[in-house]
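Please study the sequence and the three-dimensional structure shown below. The paragraphs that follow lead through it step by step.

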Protein chains: 4
Amino acid sequence: MNAPEAWLLPDVQAIADRRNIYINRVGVKSLLHPLRIAGPGGEVSTVATVDMAVGLPPQVKGTHMSRFVEVLQQHEAALDAAGFAALLARMLKRLDADSGMIEMRFPYFISKRAPVSGVASLLDYQVMLRGECTAAGTVFTTRVSAPATSLCPCSKEISEYGAHNQRSNIAITVQGDAALSIEEIAGIAEQEASCEVYGLLKRPDEKYVTERAYDNPKFVEDLVRDIALRLDADPRVRSYTVEAENFESIHNHSAYALVERVK
Amino acid sequence: MNAPEAWLLPDVQAIADRRNIYINRVGVKSLLHPLRIAGPGGEVSTVATVDMAVGLPPQVKGTHMSRFVEVLQQHEAALDAAGFAALLARMLKRLDADSGMIEMRFPYFISKRAPVSGVASLLDYQVMLRGECTAAGTVFTTRVSAPATSLCPCSKEISEYGAHNQRSNIAITVQGDAALSIEEIAGIAEQEASCEVYGLLKRPDEKYVTERAYDNPKFVEDLVRDIALRLDADPRVRSYTVEAENFESIHNHSAYALVERVK
Amino acid sequence: MNAPEAWLLPDVQAIADRRNIYINRVGVKSLLHPLRIAGPGGEVSTVATVDMAVGLPPQVKGTHMSRFVEVLQQHEAALDAAGFAALLARMLKRLDADSGMIEMRFPYFISKRAPVSGVASLLDYQVMLRGECTAAGTVFTTRVSAPATSLCPCSKEISEYGAHNQRSNIAITVQGDAALSIEEIAGIAEQEASCEVYGLLKRPDEKYVTERAYDNPKFVEDLVRDIALRLDADPRVRSYTVEAENFESIHNHSAYALVERVK
Amino acid sequence: MNAPEAWLLPDVQAIADRRNIYINRVGVKSLLHPLRIAGPGGEVSTVATVDMAVGLPPQVKGTHMSRFVEVLQQHEAALDAAGFAALLARMLKRLDADSGMIEMRFPYFISKRAPVSGVASLLDYQVMLRGECTAAGTVFTTRVSAPATSLCPCSKEISEYGAHNQRSNIAITVQGDAALSIEEIAGIAEQEASCEVYGLLKRPDEKYVTERAYDNPKFVEDLVRDIALRLDADPRVRSYTVEAENFESIHNHSAYALVERVK
């Protein structure tokens, strides 16, 4: 089929709709896409799960799904805050839409040095970037989920020796003008945990993290409060949510806490 | 250790906290729990993933995690709307809390008859029940996700024969006084799809569902709009969200649409 | 459409196939089904994810998928070893097959008493039951995955205080005549861990499990070896696989070990 | 802590073990790692989930977990078959082991052209690479899972119009000297499906894929048989498994078939 013939195919999406229902979001979901993120230490290559959607006026029957994929795949540069805003703007223009959102979820890697030996290794964080444009303006949201160690203050206090500890997931979601980097957000989560985790630890490091966690016991409540204090004090953050989930080593369920604040 | 000795263990959670941070939610998360639901056709046994949380005043260091599990496991009757409200109230009382929430996510089974042969089989739906109590009152939310068939109107229109179709997931979330049963919500989703799906179909049924879907093509946009019309007309629904996700048979990503409305 | 008309529809699956390829397994997969298990302490209600398949001779074009669902849904009694064998036999007969398999994966609940307070609570285990019939006979396999606590011997030894610990998943897979109950297999996994986990612990219990784990440090290597010794000594076990996965509290990846043996 | 002090920490893993149990596999599991794959069209950046393990002799108490991560993170070149073999060899040497395995699972992207418009877009495939070294030699395994469209021959035959179709997942696992590229394996899966899927299709393409699938109906049985014929004819393949899973658009479970063969 040649191009002119394509124009002869009816465009079902473009016909008028009489149901008078505005659709808040319509688009593509769970699209896997390779992505390069422009990080402070250079580009980080990853694979993102991408959702893209626009608002659809009552009188239009359908959106044009292929255009979302087109817009995404035409973006070739490593993604930074300006590039993400431009991508959102191009999607709205290409879809002829007044409102819309792009959300990308991906693992992100930061090279860390072990606390005693100084050996470098990568650690993976789960990141979500979302840009949402409505009549009220455009809001950018960044969520960074950092793995960390938590050690139970109650267990330490009541036991003659030892204290149960476990891997935790600390998720910080901030809204604002994207002034905080992924690295900064991850750093806040890690500094307020009982101890940071690492990809690679030698024996002297393992001694350090064991004793550090024992010296620094925290409930999920402490984790979210100590991080909230940090974010309250940061003028770049306009609103935030902090969540901590402890994969309890003495149960088969999690302990969980959440603080959210609009300044 | 005998009981009196237990009282001598320090209660770390109960000590005063000076950080002055209110915690919106703290509790247990992702607890697997067997559950019986009181359905219109009798009890439905299932397994729920349960989250329970309360608000924690700034001056209190920690909540008492074991009490959530205690409250949940003491509930023995098949769950209905009144029982869910009572469970939420008991949790708040036991945790000495002003606000809190319980969320349960579970598969639910409805026996359906195949459209031609009349053969009965079970179909599974994903259900979420949430009760949330704040100073503004208590809100109950029910979400039912129904599998269904969608057939693409564009593909049908432009092709000389055939039309791509696929499994869809239609999720209806309603807030209100729980006047709609899981069965009613599932029914609305299924009636507005290109066709319903079934656990068991004989050949005459397969002929029926194939032709029914072809006669009834719908975009994700059509799915959410037709369901929105139904919910708009139902006085028992105070607010709702309708989502449709098509696991496209011609792509490796989904088409997705969402309508939300507060009446 | 009435029943006679159904017979007029062509049976595409039954036509001859000329490709001369035997199909090792064909059937249904990932079917959600409510299930009652006959446990030693009474029935346990759960929801299983079920796979069912048969071997298909080279000359037959297709199997009859609806019959698998029919056979499964006709089984109404609480499942025990004899019932599982009968279900497998009925499937083979209904599908007119010489070989086939049924696999069911589900959460299972055991009521446990906390070690000091004696408070009862449910704990969830992941169970897999598989029956496989071939020309060589029928083999039944049971896998029980138990959550448990592991405490690192190295961390304890090298640190002046504390020791990192975490939730582990211990999976024991046994083949034989199903003489070991789910409860027995779970018990072996739990007794050989640094400590058992529980749904509900009071403060004296938390002191106990903290100290118990510290007194009983184990690597993943120790977990699988100590369980292997137990299974080696049990004449009812003909072959087994033991796996331990520690969700390391100091890393964001797992430590893992596996021992397998055919006696 | 300075370096000399590190040497004073006891090496618990290195002490003798008296239980006399050989451990088939011990190592790290579910480690997220950024990876570049050397593809025929250039490098493909992705993120892999990595498992690495070695066999552990009866007399050794524990392996050295940090060395696995060290070996993995020292590999910097884009991965090809020779590089994977070298990585496996380095791991065995570093861990002083006679046997061991590395398994990597990752999404892989291939740029495809739409069938009529020729528009290029990326499609994602799930790939698993495994190298396993035992006394019997080293075996390399490649599994490629390709999304595809399947259209039901029975539904087409018995219906006056239309035919149910759906997204399928076709997984081909081959063992041999890695002579088949990911692209070749994916191509075999796609060519034998009712139709290929694409990231981006324009209307003339959508017409094409709709009609192509309708002209080319296949059961899961047909999918695995037609692929088996292709692999039987390829002298580079020594043994293989072919699996097809159809996410049925008329049910909420899958149809599934598997053929495995050792030549």
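The expected span of a helix is 1.5 Å times one less than its number of residues. Helices (H or I, at least four residues) and strands (E, at least two) are DSSP runs, numbered from the N terminus. The model is a predicted one, in which local features need pLDDT of at least 70 and side-chain atom pairs count only at pLDDT 80 or more, while totals for chains, interfaces and linings use all residues. Residues are numbered from 1 along each chain as its sequence is written, chains are lettered from A and ligands numbered from 1 in the order in which they are written, and side-chain values use heavy atoms, with hydrogens and water left out.

Which residues of helix 3 of chain D are buried? They are D:Gly83, D:Phe84, D:Leu87, D:Leu88, D:Met91 and D:Leu92. Here buried means under 20% relative accessible area, exposed means over 50%, and partly exposed lies in between (1.4 Å probe, protein chains only). An α-helix has 3.6 residues a turn, so residues three or four places apart point the same way. The buried residues of helix 3 of chain D pack against strand 2 (42-56), helix 2 (65-74), strand 3 (100-113), strand 4 (120-134) and strand 5 (137-151) of chain D.

Just after this helix, D:Asp96 takes a positive phi of about 55 degrees. In chain B, B:Asp96 has a phi near 55 degrees, a positive value in a residue other than glycine. B:Asp96 is found in the loop between helix 3 (81-94) and strand 3 (100-113) of chain B, and it is exposed, with a relative accessible area of 72%. C:Asp96 has a positive phi of about 60 degrees, although it is not a glycine. C:Asp96 is placed in the loop between helix 3 (81-94) and strand 3 (100-113) of chain C, and its relative accessible area of 73% makes it exposed.

B:Val69 lies in helix 2 (residues 65-74) of chain B and has a relative accessible area of 1%, so it counts as buried. Which residues does B:Val69 contact, leaving aside its neighbours within four places in sequence? They are A:His253, B:Val28, B:Leu31, C:Gly199 and C:Leu200, where contact means heavy atoms within 4.5 Å.

Chain A may now be considered as a whole. It has 7 helices and 9 strands, and its C-alpha atoms fill a box of roughly 80 × 35 × 35 Å, taken along the principal axes. Of the 263 residues of chain A, 61% count as buried. Among contacts in chain A between residues at least 6 apart in sequence, 61% join residues at least 24 apart. Helix 7 of chain A, residues 220-232, has 13 residues that should span 18 Å at 1.5 Å a residue, and its end C-alpha atoms are 18 Å apart, which agrees. This helix is mostly covered, since 10 of its 13 residues are buried; among them are A:Val220, A:Leu223 and A:Ile227.

The last topic is charge pairing. The structure holds 96 salt bridges over all chains, a salt bridge being a side-chain nitrogen of Lys or Arg within 4 Å of a carboxyl oxygen of Asp or Glu. In one of them, A:Arg105 pairs with A:Asp51, the closest N and O atoms being 3.1 Å apart. A:Arg105 belongs to strand 3 (residues 100-113) and A:Asp51 to strand 2 (residues 42-56) of chain A, so the pair links distant parts of the chain, 54 residues apart. A:Arg105 is partly exposed, with a relative accessible area of 25%, whereas A:Asp51, at 10%, counts as buried.

In chain B, B:Glu132 forms a salt bridge with B:Arg25, and the closest N and O atoms are 3.1 Å apart. B:Glu132 lies in strand 4 (residues 120-134) and B:Arg25 in strand 1 (residues 23-39) of chain B, so the pair ties together parts that are 107 residues apart in sequence. The side chains of B:Lys218 and B:Glu192 also meet in a salt bridge (3.7 Å, N to O). Both residues belong to a network of salt bridges that includes A:Asp17, A:Arg19 and A:Lys61.
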